[in-house]
Amino acid sequence: MAMLNNAHPSTPPAIHVANLTYTFSNTSQPGLTDVSLSLPPGSRTLLVGANGAGKTTLLRLLSGKRLAPRNTISVNGLDPFTSNLTGITYLGVEWVLNPIVRTDIDVPSLLKSVGGDAYPERRDELVKILDIDLRWRMHAVSDGERRRVQLAMGLLRPWEVLLLDEITVDLDLLSRKNFLDWLKSETERRKATVVYATHILDNLVGWPSYVVHMHLGTVKEAGEMSTYLEEAKKVKDQVDDESGNSLLSELVLRWLREDLEARGPREKMKRGPPEMTAPEGIGGYGLEKRPEWK
Ligand SMILES: Nc1ncnc2c1ncn2[C@@H]1O[C@H](COP(=O)(O)OP(=O)(O)OP(=O)(O)O)[C@@H](O)[C@H]1O
């Protein structure tokens, strides 16, 4: 079991996970095994791991979109599934695929439909940060432009906990940097908490305060980013490395190589692809809330 060092021991963590083991309803294999984490308010956590490591599974459980075993997850002291917490925003695959952002609709109407008028300052700030042209019509924009409008919609209501599941892939480098800087300022201004699962580490140096490394449904490493970067620096100093990669990329690459070595070829894994019993709910997920458009 790995525990994050709580930077503010006197403050209750925004996210607390205790010995969480989760089995999908359509398979007997656990998707997560004995996961424990403590993330304080105001933290920015980078969630890394190979494809299939369990990042999305964990984020969906944290968001309350899937039912976790009792007393294993609390977000701001409450169970996210049963308490219908309003301060949690989860932006993942279903959110990205929502068809409304492909229709012939203008940006101001879309922003209004998600409560833009209730938060005019925040709306205008997001339009500026995400470099959105209010004259765009959504059926005639590029993927990255569409994603920027979606992000403005998803982030408009002030959240206390933001769970991001690799949703910045379409953004150009500068837009992504501006977006990440804005998230950072949100965590500093309002003590909001962000957990961000991504494979893209460009521009992330200096952003995460915590890192969580998942492997085959378990948490292998979890702690303050600075501690792991110091360790990575020592390793880098020992090898003659001219790759130009950041320390963060080097660290995550090393973890993924170790994971691959420990795991071996996929077809020889004990924990193979799930044997489905019967399709249930959306995408076979059994007890599932309807994905919400936030
Ligand atoms: N609906 C499902 N039913 C059964 N098992 C599933 C289901 N979805 C995922 N899994 C299992 O859980 C594992 C973890 O999946 P998850 O989507 O959480 O990984 P991830 O770390 O987010 O991967 P990626 O980086 O590819 O997005 C998968 O390898 C798969 O075996």
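Tutor: This is a predicted model. Asn19 has 12 other C-beta atoms within 10 Å, so this residue counts as exposed.

Student: In which strand is Asn19 found?

Tutor: The backbone of Asn19 has a phi near 45°, which is a positive value in a residue other than glycine. The strand in which Asn19 is found is β1.

Student: In what order do the three strands of the open sheet stand?

Tutor: The pairing in this open sheet is antiparallel. In general, strands of a sheet pair through backbone hydrogen bonds. The order of the three strands is β2-β1-β4.

Student: Which strands stand at the edges?

Tutor: A strand at the edge has a single partner strand, so one side of that strand is left without a neighbour in the sheet. The two strands in this position are β2 (30-39) and β4 (73-75).

Student: What is the average twist from one strand to the next?

Tutor: The strands concerned are those of the open sheet β2-β1-β4. From one strand to the next, the twist averages 20°.

Student: Which residue in β4 is the bridge partner of Ile15?

Tutor: Strand β1 covers residues 15-23 and pairs with β4 in the antiparallel sense over three bridges. The bridge partner of Ile15 in β4 is Val75.

Student: At about what angle does helix α1 run to β2?

Tutor: Helix α1 comprises residues 55-63 and lies across β1, β2 and β4. The angle between α1 and β2 is about 60°.

Student: How many residues of α1 are buried?

Tutor: A residue counts as buried if 20 or more other C-beta atoms lie within 10 Å of its own. Among the buried residues of α1 are Leu58, Leu59, Leu61 and Leu62. Helix α1 is mostly covered, and of its nine residues the number buried is eight.

Student: Is Glu230 buried or exposed?

Tutor: Glu230 has its place in helix α7 (residues 225-238). The count of C-beta neighbours inside 10 Å is 11, and therefore Glu230 is exposed.

Note on methods. Residues numbered from 1 in each chain as written. Predicted model: local features only at pLDDT ≥ 70, side-chain atom pairs only at ≥ 80, totals over all residues. Pairing = 2+ DSSP bridges. Helix = DSSP H or I, 4+ residues; strand = E, 2+ residues; numbered from the N terminus. Axes fitted to C-alpha atoms, helices over the stretch in contact; angles between N-to-C directions. Contact = placed C-beta atoms within 7 Å.
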